Amino acid sequence: MLFEISVLRTQRILGCSFIKIYKMKNLSIIFLALFLSYSCTDVKPPEPFGPVPSERQLALHEMEYYMFVHFTVNTFTDKEWGFGDEKESVFNPAELDCRQWAKVAKEAGMKGIIITAKHHDGFCLWPSDYTEHSVKNSPWKDGKGDVLRELRQACNEFGLKMGVYLSPWDRNSAIYGTPEYLEYYRNQLNELLTNYGDIFEVWFDGANGGDGYYGGARETRRIDNKTYYDWPNTHKIVRDLQPMACMFSDAGPDIRWVGNERGMGSLTNWCLLKKDEMYPGGNFARILGEGHEDGNYWVPAEVDVSIRPGWFYHQKQDSLVRSPENLMELYYSSVGRNSNLLLNIPPDSRGLLHENDMKSLMKFRELRENEFETDLANGKKAISSNDRGRDYKPSNVCDGNPVTFWATPDNVTDAQLIIKLEEETEVNRIVIQEYIKLGQRVQAFKVEALVGKDWMQLIDGTTIGYKVIRKFPVIKTSQIKLTISKAKDCPVISNIELYRAPGE
Ligand code: FUL
């Protein structure tokens, strides 16, 4: 043998992963180190392409599924939109228990709760200093209660994040429609963002119906959605007080409405939006579903949908709670389509989540766990038509590590990756994720299975983004192939999972 080789040490050289340096008898160690460092520097990470998510948006993507809580005077008056003239005395939930809400959310697998701190009727669930129309004038806890405070404590106890919905439209306020109202609105926002700990999302609704109580005027007030609220200055308050909070509205700035309340994410779904051309309450439903392929901001979609026909609790809807199977479909059409799922579970007039809703939620969790029980791709080998080099190898998609990814060389936008399952395996679900820190790139893809000697197409699609989950009929195969046929730049795929869900 020419060289006697022994492992000397492990060392990091020029940003490469750990490599072994060998001591060689007949060659200089320096020569080898130079050679290795040269080959390592050759593999550069892909540059980000287009808009990329902020830290706060990345955290929100990872939450995926959280609870919406619609609760206010409407819960007691059996309405969906309170007129604003409801007496504070109607708010009296004898058994209100935010711990129950949080416990249910946690057990359902949700990551947080967003509450209607103020809905269109203007009634505040916290004792705001700026209005008399709040819990402080209700019989609940003799006017000493604060739903936001109780929810904060409950979220802390169960390890959940908390978010707030503060309706811009206020049908109670006498000054709604005047410039002074903005100050009022911002003061309330200030209270919510300074007194209740970390807020993960602030929900700015787009509804501005017109008629209302307005301090007794009982008239119709119209505002110009585009200009009246002076959104940039309101957004600034949120950024200053809660830098990690994402702001929701039809047009973002951080997360956008999906354009419907039926729970339907769009199959083509760009996390990108030309938001400067949009505003809350505008008529953009279709665009909001798909986003803009050439959008200049990262603004992903959130699917808000209720477990019941209404957003607020109505006893007559007790038999109309979505079934676990229906919730499972919602999951596929939201989280499975590159969107977050904000599922509304409205407390009843006791102040508790209803038994029927809880039953359905828990069964939904069970279904989900059964569908995604064992990732059959985990730890498997993968090969690809093109890969970039050592840190970007194809098997990164099967390593269960969200920070490693497979990438092709720059400008290679058409590539294939094959997962080798070792033995013939039944599969019927696939999860695919792009490494979105570097932007959303894929424009067209398909997935095939090797059946005998032929490749059989299982699904095709357009966008991927943070996550897509797709179903297909059960297939027995030893190899699964992902083909990316069109991308804006070299694809960066961080994760692929395969499952055999029960049933066909
Ligand atoms: C809508 C509101 O008008 C509904 O009452 C509900 O709050 C829903 C989530 O947003 O725009």
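Two strands are taken to pair if DSSP finds at least two bridges between them; strands (E, at least two residues) are DSSP runs, numbered from the N terminus. The structure is a predicted model, in which local features need pLDDT of at least 70, side-chain atom pairs count only at pLDDT 80 or more, and totals for chains, interfaces and linings use all residues. Residues are numbered from 1 along each chain as its sequence is written, and side-chain values use heavy atoms, with hydrogens and water left out.

Strands S3 (residues 65-69) and S4 (residues 112-118) run parallel and are joined by three bridges. Within this pair, Phe 68 stands opposite Ile 114 in S4. Both strands belong to a closed barrel of eight strands with parallel pairing, in the order S3-S4-S5-S6-S9-S10-S13-S14. From one strand to the next the twist averages 25°, with axes fitted as lines to C-alpha atoms and angles running from 0 to 180 degrees between N-to-C directions.

Phe 68 is also one of the residues surrounding the ligand, among them His 70, Trp 81, His 119, Tyr 165 and Asp 304, where a residue is near if one of its heavy atoms lies within 4 Å.

Polar contacts are pairs of N or O atoms within 3.5 Å. A polar side-chain atom of His 70 lies 2.7 Å from an oxygen atom of the ligand; for His 119 the corresponding distance is 2.9 Å, and for a side-chain N or O atom of Tyr 165 it is 2.8 Å. Taken alone, the ligand exposes 290 Å², of which the protein buries 90% (Shrake-Rupley method, 1.4 Å probe).

Note on methods:
Polar contact = N/O pair within 3.5 Å; in protein donor to acceptor, adjacent residues only side chain to side chain. Helix = DSSP H or I, 4+ residues; strand = E, 2+ residues; numbered from the N terminus.
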